[in-house]
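Hello,

Here is the structure I promised to pass on to you. Have a look at it first, and then read on for what turned up in it.

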Amino acid sequence: MYAITGITGNVGGALARTLLAERQPVRAVLRDEAKAAEWRTRGGDIALAEMDDAASLTSAFRGAAGIFILPPSEFDPEPGFPEAKRVIAAVTAALAESRPGKVVCLSTIGADAPHENLLTQRTLMEQSLEQIGLSVTFLRPGWFMENALWDVPSARDEGVLRSFLQPADKPFPMVATQDVGDLAAALLRENGSGTRVVELEGPARISPNDLARAFATVLKRTVRVETVPRESWEQIFRSQGTRNPLPRIRMLDGFNEGWIDFSEHGRSAMKGTTALESVIAELVRASQAKASV
């Protein structure tokens, strides 16, 4: 039995569907019973738990041969990341008590970055899980291609992609969430012991210009990049309701300045197979379907 947290998201869902397609038993670890129907229909077991509650997590993990940890993302953390630390404490305690044979934890590129930023939440998770003496694989994917969802309206309606990643011709390590889910499924089924890190990016690095070209192909219209000046970021993020924008700003700095990257600039990273254009096409289709409802 494989217990999967974050199963309602892109990565967790892709992982669970891959395992179920291979007739592997899956336990969906959910916060909300209302979201259980899909996984029951697919033949999965259901466990209800909060990611910051050690007792409910321990119950959800009990008896699982392998566990996938997808920590919730806090995009506007309080200073010191107290939200992430509550989750980390609960997950660490639950794993130490349930002691599965294998743990795969979704981490991120930048978990080894030299400066504090939004991704430091994953650094703290890695540091904690390293201490409990289990077989733990930290899967560090690049920037998700699906983050381009936020660019669909402006690309479609204005022919503009406003990029915080810059310069526009700089290629960044990106990957499709389907590839992340597929690799996570393979890692869960592997034998092995100890702690290791697996880095994953797509078949080729992607620049903002590449994103604009993919949108142009799918939308059949011209799409150009406008880089958003750094001096405007704080005001923009605060206007969107962010109370503590510095971690997000520093994360973007890390990508743009190059201190968030894979080891050896990705030469030893595993490579996914999903092409950018197919991801953009799906994002556009999903957006159109939602608008027509």
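**What was found**

Of the protein's 293 residues, 53% count as buried. Please keep in mind that this is a predicted model.

Let me begin with the whole chain. The secondary structure comes to eleven helices and twelve strands. The C-alpha trace spans about 55 × 40 × 40 Å along its principal axes. A compact globule with 293 residues would have a radius of gyration near 19 Å, and the protein agrees with this because its own value is 19 Å. Among contacts between residues at least 6 apart in sequence, 76% join residues at least 24 apart.

The surface comes next. Its accessible area is about 13,600 Å², and carbon and sulfur atoms account for 50% of that. The protein has 33 positive and 37 negative charges, whose mean positions are 3 Å apart.

Now to the inside. In soluble globular proteins, nonpolar side chains tend to be buried together. Here the largest nonpolar core has 39 residues, and those touching the most other members are M174, L211, F215, M251, F255, I260 and I280. At least two residues of this core come from each of helix 6 (152-158), helix 8 (208-219), helix 9 (233-239), helix 10 and helix 11 (276-292). Another core, of 28 residues, lies apart from it and includes A36, L187, V198 and L200.

Not counting residues up to four places away in sequence, F215 touches A148, D151, V152, A155, L161, K220, V223, I280 and V284.

Strand 8 is worth a visit too, as S163 lies in it. Is S163 buried or exposed? With a relative accessible area of 6%, S163 falls under the 20% cut-off and therefore counts as buried. Leaving aside its neighbours within four places in sequence, S163 is in contact with P208, V225, E226, T227 and V228.

Finally, some details of the backbone. The peptide bond from Q166 to P167 is cis, with omega near 5°. P167 sits in the loop between strand 8 (160-163) and strand 9 (174-175).

Another loop, between helix 10 (246-257) and strand 12 (270-271), holds E264. Phi of E264 is near 55°, a positive value in a residue other than glycine. H265 is found in the loop between helix 10 and strand 12 as well, and has a positive phi of about 55° although it is not a glycine. E264 counts as partly exposed, at 48% relative accessibility, whereas H265 counts as exposed, at 55%.

Enjoy exploring!

Best wishes

Note on methods: Residues numbered from 1 in each chain as written. Predicted model: local features only at pLDDT ≥ 70, side-chain atom pairs only at ≥ 80, totals over all residues. Heavy atoms only, no water. Helix = DSSP H or I, 4+ residues; strand = E, 2+ residues; numbered from the N terminus. Buried < 20%, exposed > 50% of the residue type's maximum accessible area, 1.4 Å probe, protein only. Contact = heavy atoms within 4.5 Å. Core = buried A, V, L, I, M, F, W, Y, C linked by side-chain atoms within 4.5 Å. Rg over C-alpha atoms; globule rule 2.2 N^0.38 Å. Areas by Shrake-Rupley, 256 points an atom, 1.4 Å probe, with all protein chains shown as cover. Lys, Arg positive; Asp, Glu negative; His and termini not counted. Charge placed at Lys NZ, Arg CZ, Asp CG, Glu CD.
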